[in-house]
Amino acid sequence: EQISGNGFLKKTVEEITAGMTTPEAKLVAIHQYVKQNVQWDGNSRKFISSSLKKVLDDKKGNSADINLLLASMLEKAGFEVHPVLLSTRDHGFVRETTPISSQFNYVITEVKFGDKFLLVDATDKYLPLGLLPERCLNGNGFLVAKEGYQWVKLQATVKSKITSTLDFKIAETGEMKGNIKIDKVGYDASNTRKNYFTKGEEEYVKDMIANRSWEFSKSEFQNTKELGEAFKEAYVADVKE
């Protein structure tokens, strides 16, 4: 009922997706709107705490508030959506032979996207569309639909990877000077973005050289806000003994 109801959201969805002609653009826009306008309060829940209108007004909610709001808005945009119950990693594994309610403590959304289905969550503003929070990657989820239920695999859609390239010259004095380039994708990129924006660029760079015999004469960052792209760092460094 939370997905098919809440008709007041239709006007908001129409405003968010105005001028957009592809399902992809609408999906990204709605997902981004929920992430930026409702802050996760840190609570993992499978039921909403109050009306979705109040959640939007308060700009804060638990995981069910946020992800069922996302599902309802996607439904208003014409997408086929279903809630998916799951157990987070700190809550333990689900016994699939007896899927009783107490085994679940979290809900995400499955949305039909072209000819495939995508699992989405909007509690973490630093994660790109389609990448679930790591706490959700715990076995299988329980998809709820009028037609019945089914189990869906909870897994990362993007591999996490850090690529570091160092190009240094060693002087006769033993000092080294050169360039450091670091590219991060997947959860590594997400965690770095969270760290970068929480601390600020200056403190982030200070932490990079803390307890090391390094000095950076220049630092540069790319794709800090482009969540679907690699987070890129570049430094001009002096390394002294």
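A: This is a predicted model, where local features need pLDDT of at least 70, side-chain atom pairs count only at pLDDT 80 or more, and totals for chains, interfaces and linings use all residues. Residues are numbered from 1 along each chain as its sequence is written, and side-chain values use heavy atoms, with hydrogens and water left out. Now the sheet. It is open, has 5 strands in the order β5-β4-β3-β6-β7, and pairs antiparallel.

Q: Which are the edge strands?
A: β5 (116–120) and β7 (148–153), each pairing on one side only. The twist averages 35 degrees from one strand to the next.

Q: How do you call strands and pairs here?
A: Helices (H or I, at least four residues) and strands (E, at least two) are DSSP runs, numbered from the N terminus. Two strands pair if DSSP finds at least two bridges between them.

Q: How many bridges for β3 and β6?
A: 2 bridges, antiparallel, between β3 (residues 81–86) and β6 (residues 140–145). Leu85 sits opposite Phe142 in β6.

Q: Which helix packs on that sheet?
A: Helix α4 (residues 63–76) does, touching β3, β4 (106–113) and β5. Its direction makes about 20 degrees with that of β4. Contact means heavy atoms within 4.5 Å. Axes are lines fitted to C-alpha atoms, for helices over the stretch in contact, and angles run from 0 to 180 degrees between N-to-C directions.

Q: What does α1 do with α4?
A: The axes of α1 (residues 9–16) and α4 come within 9 Å and cross at roughly 70 degrees. So α1 is roughly perpendicular to α4; that label covers 65 to 115 degrees, with under 35 roughly parallel, over 145 roughly antiparallel and the rest oblique.

Q: Which residues make the contact?
A: From α1, Leu9, Lys10, Thr12, Val13 and Ile16; from α4, Leu69, Ser72, Met73 and Lys76. They divide into 5 nonpolar, 2 polar and 2 charged. Ala, Val, Leu, Ile, Met, Phe, Trp, Tyr, Cys and Pro count as nonpolar, Asp, Glu, Lys and Arg as charged, and the others, Gly among them, as polar.

Q: Switching topic. What pairs with β11?
A: β9 (residues 176–185) pairs antiparallel with β11 (residues 231–239) over 9 bridges. Asp183 has Lys232 as its bridge partner in β11. β10 (residues 214–222) also runs antiparallel to β11, joined by 8 bridges. There, Phe221 partners Glu233.

Q: Pockets next. What volume has the largest pocket?
A: About 570 Å³. On a 1 Å grid over the protein atoms alone, a pocket is an open set of points where a 1.4 Å probe fits, with protein on both sides within 12 Å along at least five of seven lines; lining residues have an atom within 4 Å of a point. Grid points are joined across faces, edges and corners, and a volume is the space filled by probe spheres set on the points.

Q: What lines the largest pocket?
A: 22 residues, the closest to its centre being Glu1, Gln2, Ile3, Pro83 and Val144. α4, β3 and β6 each give two or more. β3 gives the most, with 4 residues. The lining splits into 12 nonpolar, 4 polar and 6 charged.

Q: And the second largest pocket?
A: About 310 Å³. Of its 17 lining residues, Thr123, Asp124, Lys125, Tyr126 and Lys194 are closest to the centre. The largest share of that lining, 4 residues, comes from α5.
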